[in-house]
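The sequence and structure come first.

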Amino acid sequence: MLTASNERLDIDLLVLPETNLILLASVIEPLRGANRIAGSEIYRWRVFTSEGEPVETTCHLAVSAEGPFRPQRDAAPLFVVASYNWQRSATSSLKMQLSQTARYRSFIAGIESGTWLLAESSLLDDVSATIHWEDFEEFSAAYPQVRCVQDRFVIDGKRITTSGSLPTIDLMLEVIRRRQGYSLALEVSRLFSYQQAPFQLTDGSLSPAAAGLDMRDPRVAQAVRMMEENIEQPLVLTRLARRVGVSARHLQGLFRDSLGAPPHVHYLALRLNAARRKVIETRSSLADIAAATGFNSASAFARSYRASFSESPSETRRRLRARSVAMSSAS
């Protein structure tokens, strides 16, 4: 799930009653956004409940299910999503089912209070995990065998935990970044006008500490605005830094601290995402798109585009055109 791939990833969600609707959306909506931007179904999800019946969320909207959750030899990642009164669902039967399915799942994630249920099922023993800040002390005391850390999300081996709704968005963006790259993850975050915590640049087991949201430093925000305003003729790093009022080296450090990526990586992602929108939404020639997004030639543009999106601009157009024809024929 966390290695580079453009194969479709199927994810199962076990949703408990009294879950916040925004928490469930924090898992699903970034994946839906990634599918929309990529123009293909690179993520698919199924929702299960304990008995297969719809569950009522905290806002009294019911979430329907594909069926009851039952342990199978399914390797798809499983996300256990819960908010309030998780204890009511923590039956011996459900805990046993989670223990059984854990033998086969590539990953099991505790989303917010789902962490409690994983710990109750002995699935977090000797694992680093996080929990909502309100529950931190109680959780640490209840499960001394779990290495409880205060972080937005934690990935440790085959276990993933998050500490709330917005940290869950951070997690899903990190999944997208690791699988499809920085450009797509950035575009998904921009789709929701969301300012995420820094992306994780290493492949270590633990997530980064949340050192603040990406646009909290005004110099980073100013530099990003200038990047967005200068897509066609990109500014060199020294000029960008001079306009912000810092050295190039200092600006690189600010970007790494705030965004988890150096300026040139972020700038290239902005340009490639702008180019991808033009490829999908316009009939402009590839040479014109290359010029409009700051590439010296169509060939240089095509190389960067393929490196980021695993297909050429022409292949993107052919694939979307074929899909549109297929959908028209089906209707």
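The largest nonpolar core has 36 residues, of which Met1, Leu13, Tyr43, Phe79, Ile111 and Leu171 touch the most other members. A nonpolar core is a set of buried Ala, Val, Leu, Ile, Met, Phe, Trp, Tyr and Cys residues joined through side-chain atoms within 4.5 Å; buried means under 20% relative accessible area (1.4 Å probe, protein chains only). Helix 1 gives the most to this core, with eight residues. A second, separate core of 27 residues includes Leu16, Leu94, Trp116 and Phe136. Helices are DSSP runs (H or I) of at least four residues, numbered from the N terminus.

The model is predicted: local features need pLDDT of at least 70, side-chain atom pairs count only at pLDDT 80 or more, and totals for chains, interfaces and linings use all residues. Residues are numbered from 1 along each chain as its sequence is written, and side-chain values use heavy atoms, without hydrogens and water.

Rings of Phe, Tyr and Trp (its six-membered ring) pair if their centres lie within 6.5 Å; planes under 30 degrees apart count as stacked, over 60 as edge-to-face and the rest as tilted.

| Pair | Centre distance | Plane angle | Class |
|---|---|---|---|
| Phe295 and Phe301 | 5.4 Å | 50° | tilted |
| Tyr305 and Phe309 | 4.8 Å | 65° | edge-to-face |

Phe295 and Phe301 are both buried, as are Tyr305 and Phe309. Tyr305 and Phe309 lie four residues apart in helix 12.

Notes:
Buried means under 20% relative accessible area, exposed over 50%, partly exposed in between (1.4 Å probe, protein chains only). Helices (H or I, at least four residues) and strands (E, at least two) are DSSP runs, numbered from the N terminus.
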